[in-house]
Amino acid sequence: MEIIDPAPIPDTADSGLPLPEPETALSSPPLQPAGFVRRAVAFSIDLLILGFLSLILLTAGVLGIVWPLNGGGMILSPENSAPPFLSHFISAGFFLFIGYFTFFHAHGGQTPAKMIVRIKVVGVKGAPLTPFQALARAFGYFLSSFFLGFGFFLSIFEKKKRALHDLLTHTQVVLDHMQCPIP
């Protein structure tokens, strides 16, 4: 049995014919910055979620710590304007805030509220956030809130719609085209 070599494919570069375009993988759509209103709505929903979680934490703490100690009596006495353990719950609320945003931004770039409004946090070039970036960004929220929230309002005027905490951590909030095919 004789093996026949197929005819060689002519080199189009030598023949003067244009080379075929190389097939490119489906590229993701360009990053489209999320606007101030969409970001504010997401942040407000996140704060409501955090408020609800803090309320559960406070209620569990009061029922678990104070109720047995006071025999079911009053939490506040005339001498105390605030329970002595309130500072512990404020600290727990702070860590809940930092942990909530760090976890969700480091794992997918979206909090539950950002999923609802179809936005996500990515690195400047579109890469997912590192855990350190997510942590720094969560702390950056406090810097953005100074001076009547100037750092948040910066996203209205900045060309890529980034707030102060985005500028500090080299991140941006973009529309999530995977969930939102219509801009």
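Predicted model: local features only at pLDDT ≥ 70, side-chain atom pairs only at ≥ 80, totals over all residues.
Visitor: Let me start with helix α3. How many residues does it have, and what span does it reach?

Guide: Helix α3 runs over residues 86–106, which is 21 residues. From its first C-alpha to its last it reaches 30 Å, close to the 30 Å expected at 1.5 Å a residue.

Visitor: Which residues of α3 are buried?

Guide: The buried ones are Phe89, Phe97, Ile98, Tyr100, Phe101, Thr102, His105 and Ala106. If you follow the chain just past α3, you come to Gly108, where phi is positive at about 105°.

Visitor: Is Leu148 buried or exposed?

Guide: Leu148 counts as exposed because its relative accessibility is 83%, and the cut-off for exposed is over 50%.

Visitor: Where is Lys161, and what is its phi?

Guide: Lys161 is found in the loop between α5 and α6. Its phi is positive, about 60°, although Lys161 is not a glycine. With a relative accessible area of 34%, Lys161 is partly exposed.

Visitor: Now to helix α6. Is His165 buried or exposed?

Guide: His165 sits in helix α6, residues 164–169. Its relative accessibility is 1%, so His165 counts as buried; the cut-off for buried is under 20%.

Visitor: Which side chain makes a polar contact with the side chain of His165?

Guide: That of Ser144, at 2.7 Å. Leaving aside residues up to four places away in sequence, His165 touches Arg39, Arg137, Gly140, Tyr141, Ser144, Phe152 and Thr171.

Visitor: Which element gives the most to the nonpolar patch?

Guide: That is α5, with three residues. Take Phe142, which has its place in helix α5. Phe142 counts as partly exposed because its relative accessibility is 30%, and partly exposed lies between the buried cut-off of under 20% and the exposed cut-off of over 50%.

Note on methods
Residues numbered from 1 in each chain as written. Heavy atoms only, no water. Helix = DSSP H or I, 4+ residues; strand = E, 2+ residues; numbered from the N terminus. Expected span 1.5 Å × (residues − 1). Buried < 20%, exposed > 50% of the residue type's maximum accessible area, 1.4 Å probe, protein only. Polar contact = N/O pair within 3.5 Å; in protein donor to acceptor, adjacent residues only side chain to side chain. Contact = heavy atoms within 4.5 Å.
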